[in-house]
Amino acid sequence: MTTDSTRRAMRAHTRGHWPMVRATGTVTLAFDDRHRRRMAMTDDSGAAFLLDLPRAVALDDGDGLEMTDGGWLRVVAAPEELMEVRVPGPAESFARIAWHLGNRHLPVQIIGDTIRLRRDHVIEDMLKGLGAEVRDVLLPFMPEGGAYGGHAHGGGHAHAHDHDDHHHDHGHGHDHGHDHGHSHSHSHSHSHSHTHGHGHER
C-alpha cells in the first residue's frame, strides 16, 4: 500500500539523456527487475521508493530514474551468474548455436564473437555438444533488446506472436515475474503472466 508521501520514480531516461551529475543515489537491479512498470524497490542506501512508470521499460546500466522529490537515481546492472560462450571454427558454427538459442526464446547478450546467457546446466550441455566453449562468469546481464522490446525512453512494446505450430515443452520454470504493460498472444505454453518456462530439448 502506498500513500501520497511515498517517494516515486515516475520517469525513466536512457543513459546520456539525463543529468547524471545530479544523481542523488543508485539502485542496483538484476535483469528481471530492470524490466518492470510498477514495483516497490529499495535504493542502494536502503531508502524505499515506488517504481511507478507509465509503461514497462527495459532499463540498462547508467539509465536514470526521475524521482518525484526532485532527485535522480542511477540504475546499476547487478552482476549475475552467467555462461560465456565462445564458438571456435567457422561463422556457420556460431550461427548454428545462435539459432538453437533463439529457437528456445532465451535472452542472450552478444559481444563480438561471445554470447552470454543465464547459467543453465541443460543448455550448457547442449552448447558443449555443438562444439562451443563455455565458462561461468559473474557479470551484469544486458541481453539484446529484441528479447523483450523497448528501452527506457518511450519503450512501449506489444508482443503478438502467433506460434500455432509450436509447442515448447518447457521444463525449467524460470519465473521472471515481468510486469509488462502489453499483451502476448501466444498459443504455445509461454505463460507470460509472467512465468517464462523456457524449454530445453536435448
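In strand E9, Leu117 stands opposite Met83. This is a predicted model, in which local features need pLDDT of at least 70 and side-chain atom pairs count only at pLDDT 80 or more, while totals for chains, interfaces and linings use all residues. Residues are numbered from 1 along each chain as its sequence is written, and side-chain values use heavy atoms, with hydrogens and water left out.

Strands (E, at least two residues) and helices (H or I, at least four) are DSSP runs numbered from the N terminus; two strands pair if DSSP finds at least two bridges between them. E9 covers residues 114-118, and four of its five residues are buried, meaning under 20% relative accessible area, with exposed over 50% and partly exposed in between (1.4 Å probe, protein chains only). Strand E7 (residues 79-86) runs antiparallel to E9 and is joined to it by five bridges. Strand E8 (residues 109-111) is also antiparallel to E9, with three bridges, and Ile111 has Thr114 as its bridge partner. Two residues lie between the strands of the E8 and E9 hairpin, where Gly112 takes a positive phi near 60°.

The structure holds twelve salt bridges, each a side-chain nitrogen of Lys or Arg within 4 Å of a carboxyl oxygen of Asp or Glu. Asp113 forms one with Arg86, the closest N and O atoms being 3.3 Å apart. This pair links the loop between E8 and E9 to strand E7, 27 residues apart. Asp136 and Arg119 meet in another, at 3.5 Å from N to O. Asp136 lies in strand E10 (residues 133-140) and Arg119 in the loop between E9 and helix H2 (121-129), so the pair ties together parts 17 residues apart in sequence.
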